[in-house]
Amino acid sequence: MKTKQDSSLPLIPSSIRNSLRFKLLTFVMLSMLVLGIGSIGFIYYHEENINNERVEKSFSLIADILKNDTSRWVAERINQVKTISVDPQVIRAVHEISTGSEKTATTERELVNYWNQMAQQYGIYDEIYFASRSGEILVSTDATRKNTIRPRDEIITKPLETGEIYIENAYLSYKTKKPSIAFSVPIKESNNGIGDNHYLGVLVFRVDISAVIKPMLESRMKLGQTGEVILIKQDRTTITGLRERPGSELNYKLETIPAKRISRGEEGSFFGEGHNEKPMIAVYRYVPEVQWGIIVRQETSEIYEPLQKRLYQLIALLSLAGIIVLTILFIFINRAIRPLSMMADAAKHIAQGDFDKKIVVHNDDEIGQLGTVLNKMADELGQRFKLRNSRHHVLQALVSTIEIDDLLNRGLQTICHSFDFKVGAIYLAEHQEGILLRKALYCPGEALFNKREKINLTEGLEGLAVTSRQVQVLSEIPENTFYTVNWLGGNILPRTLIQIPILFGQEVLGVISLASLTDLSSEEVEELGIIGTLVGVAINNALSYQKANDLTISLQEKNEQLNQQNEELNAQSEELQAQTEELRVQSEELQSQSEELQATTEELQLINNELQEQSIRKTKFFASLSHELRAPLNAVIGFSDVLLDSVVGTVNSAQEKYLKEIHNSGQHLLNLINDLLDFSKIEAGQVSLNIKEVDPALALNEAIAMVIPEIAKKELTFNNLLKQDKYLVLSDNNRLIQIYLNLLTNSVKFTPTGGTITLGARPVKDNLEIWISDTGIGIATEFHEVIFEEFKQAPNTTQGGTGLGLAITKRLLGLMGGKIKVEGEVDKGTTFTFTLPLASLKKSTHGESQKRDIKVSKQETDKSGGILVSNLSKPLNKDTLIKLVEEFIKKSGNKPTVLVVDDELSVREYAASLLQSRCQFFTAEDGYKGIELALKYIPDIIILDITMPGADGFAVMGELRKHCWEKGLNVYICSSKNLSIEERKYLQLFEGIWY
């Protein structure tokens, strides 16, 4: 079976493939190949860039010259046309021809002769003629064109409108079939004439632009076989013919990138595909005077041809040089490899464990030094191999037994035999007694260590090894030492003493004491330190084994006790099995109940989906109901108010009484509808709050203004302790006004005539507490929580209403992060306290921004111009409407122009009855009519309904924004419709903002 390496080079024997000569030659050859290819690529890339820059500069020079020549040619033509157009002789002749004097024929002949001479002189004019303002050619160098009517296009109309020279871009002449260009200039009726009506007509010069094309065509001589110069119009139509497209003059539109860039008035260079789908280099310029483009191009295949020839020559030269270098390198490698082969043979013997194999070194060069290093390495490896074998023998001795005494004796004997020690002993540490106790001895003479059974932990070389946890080696042995060796029948001093601490983790278990007649190498000392750790592990295992034996005996005794307990547990287990069976039956019953619950859950999900759809339909129904109920109520309330004010005539006392009942009942019904709609929106989670920093005193002022008539009517004393610019809370301003109104209305309603209402505020931690106290009829303690529920009221407070006001107030405060509570008793008054999150305890600097949330804008800004959009409550309030007009009159000193745009006739008539005598008044029944009247009469004030057929209020606002209102426009948005969240967000883009 062939390996992957064998199959990759099947024609080369494995002995050659695996040889160093083959690998070096292959590496050098591949390196030279990569270097050569890289060099060639770099040279070609460098030469290509240089060549591209040279070509681009050359083409840029040609294009700039052509652009300058074209611009200069156009300028010369313009100057020449201007000169001829102001020539008194030409003006006089044209005037005579236009007016039809007696000398018309002679004058015409002289003028044509003059123009023919000029055409022959310059050789570029195709035709010169004069056309009247109506387009009739009165005189021309082309006799066939005289008295003909030409289309009254821009060549006639433009100069008459501007009074300047007009240039008609390139076109194909009907006569010469060549690209031409025309210049037209108006001729005044007199020197003092101004405007279109004071021009007799236009003087037209049709020019053959071959004089421009010819130099461009001649430039092709420097652009090879594929180069050309292309002249195009701004719409990318070619003026000159393309090399590969005969007859393309003014008949072909280029889609190349240079042509598209020229059409945008750009200039530059381009490397890419041309109109013939071949690579090219192009430079393009834009001539603004005539909106032409000039493209100088040549295909890259022709440009790079000389460069490619030089590339082939370079490749041939580098190939020859490579062959020569490889030949020389092969000879050198063959000589250098021979000593390396000898080293490889020696390394093979070393790998097989023959560390005595040496390499013969003949010289001191790098290879000779490598041989010396290999010999030294063989000696070191032999030493390391011997040490590893010694460690292996010691490990075998240590794992051969688990008994502590046998383990110590075998381990010590193996260490001494493996490292050629003549004397040795193992001491174990007794830390509590502070001594080292001898446990094993190796001494062939048996006359040694008789006095060394115990050693203090701090005494001698052994104690130093224990305390320092390091191997201690002593080479200079004193003569009076008792570490003597029985050698050849006599006692002699050892050459080296070594003390090895026996370690297990951080604990010192003892020390191994050894004596040798030879010196120890650093490798042997290091290896003995490792062996000391291994002995520590073995001793710890043996000691653990002894403890385990003791524990085993103890466990056997306890097992007998456990057996008895197991018998008892078995009895209990049988009882548990019975209980388990009972639980299994119960589990099956629970599984069945779970499946029933799953089915019930799915059924409830379907019901929930249906309820959500019903909620959506209910929301839409309430939105529609809002508009349908409020619209007639607005008419009832408004017209009853007008009749009560005797605007259309006086009423008797009985009629006044009934009208008040109608007005109060309508207002009461409208309040009930508003409460029901608000509660419906809160229940559906469709309340959109605009939470921001609000001064609660400003919102309170708005609420007080709405209840002050009732306060005055009942002669109540109202104490307002909440100061302006003292607190800021996080709240929705409009909803805060609604909360104030609900609470103040209740206090006014249930406080008897002459009573007192007091309102104040105090900060409590991060909230502001606002309290409203009255001296009214009070509420029993057991109803303090009930009154905040929907449709619930205290027994002594049922004076009409739905019982939703306080429920809505509590829901709104909850949405804004607040709470409400009530205190009081029957006949002792009531105190309502609600909280809102504090934004700041500092004085407010946002007074202006807060005012923009008031329903009726006070126009606090002094800016002029633009549109100011504000909200206005509906039904329209008489006092509010009259106040708007009076404030405008007071500020401007003039009666305003007021436009009411509303599809309800009752609203328009109500507003007319109030405002018609105070201002210039207009009405519109739909949005389209409203836009028409607004743009016609430029009103000062527009009262705009949102819901209308055709163009609604949003469409009207969008159209008004498109126009400039220099004197300023106040738009008041009012609607009885319950607006959606999206509609409110759209109105917030306009509200209180000047455009």
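Guide: Begin with strand S17, residues 507-516: 9 of its 10 residues are buried, so S17 is largely enclosed by the rest of the structure. Buried means under 20% relative accessible area with a 1.4 Å probe, protein chains only; exposed is over 50%, and partly exposed lies in between. Strands (E, at least two residues) and helices (H or I, at least four) are DSSP runs numbered from the N terminus. This is a predicted model: local features need pLDDT of at least 70, side-chain atom pairs count only at pLDDT 80 or more, and totals for chains, interfaces and linings use all residues. Residues are numbered from 1 along each chain as its sequence is written, and side-chain values use heavy atoms, with hydrogens and water left out.

Visitor: How many bridges join S16 to S17?
Guide: There are 9, and the two strands run antiparallel. S16 covers residues 496-504. Two strands pair if DSSP finds at least two bridges between them. Pro501 stands opposite Val511 in S17.

Visitor: And what do S16 and S17 form?
Guide: A hairpin, with 2 residues between the strands. Gly505 sits in the turn, with a positive phi of about 65°.

Visitor: Which way does S10 run against S17?
Guide: Antiparallel, with 6 bridges joining S10 (residues 423-430) to S17.

Visitor: Switching to helices. Is H21 largely enclosed or open?
Guide: Enclosed: 8 of the 11 residues of H21 (residues 905-915) are buried, so the rest of the structure largely encloses this helix. Among the buried ones are Arg908, Tyr910, Leu914 and Leu915.

Visitor: At what angle do H20 and H21 cross?
Guide: Roughly 55°, and their axes come within 10 Å. H20 is residues 878-892. Axes are lines fitted to C-alpha atoms, for helices over the stretch in contact, and angles run from 0 to 180 degrees between N-to-C directions. H20 and H21 are therefore oblique to each other. Under 35 degrees counts as roughly parallel, over 145 as roughly antiparallel, 65 to 115 as roughly perpendicular, and the rest as oblique.

Visitor: Which residues meet there?
Guide: Lys878, Leu881, Ile882 and Val885 from H20 meet Tyr910, Leu914 and Leu915 from H21. Contact means heavy atoms within 4.5 Å.

Visitor: What about the whole chain?
Guide: The protein chain has 24 helices and 29 strands. Of its 995 residues, 42% count as buried.
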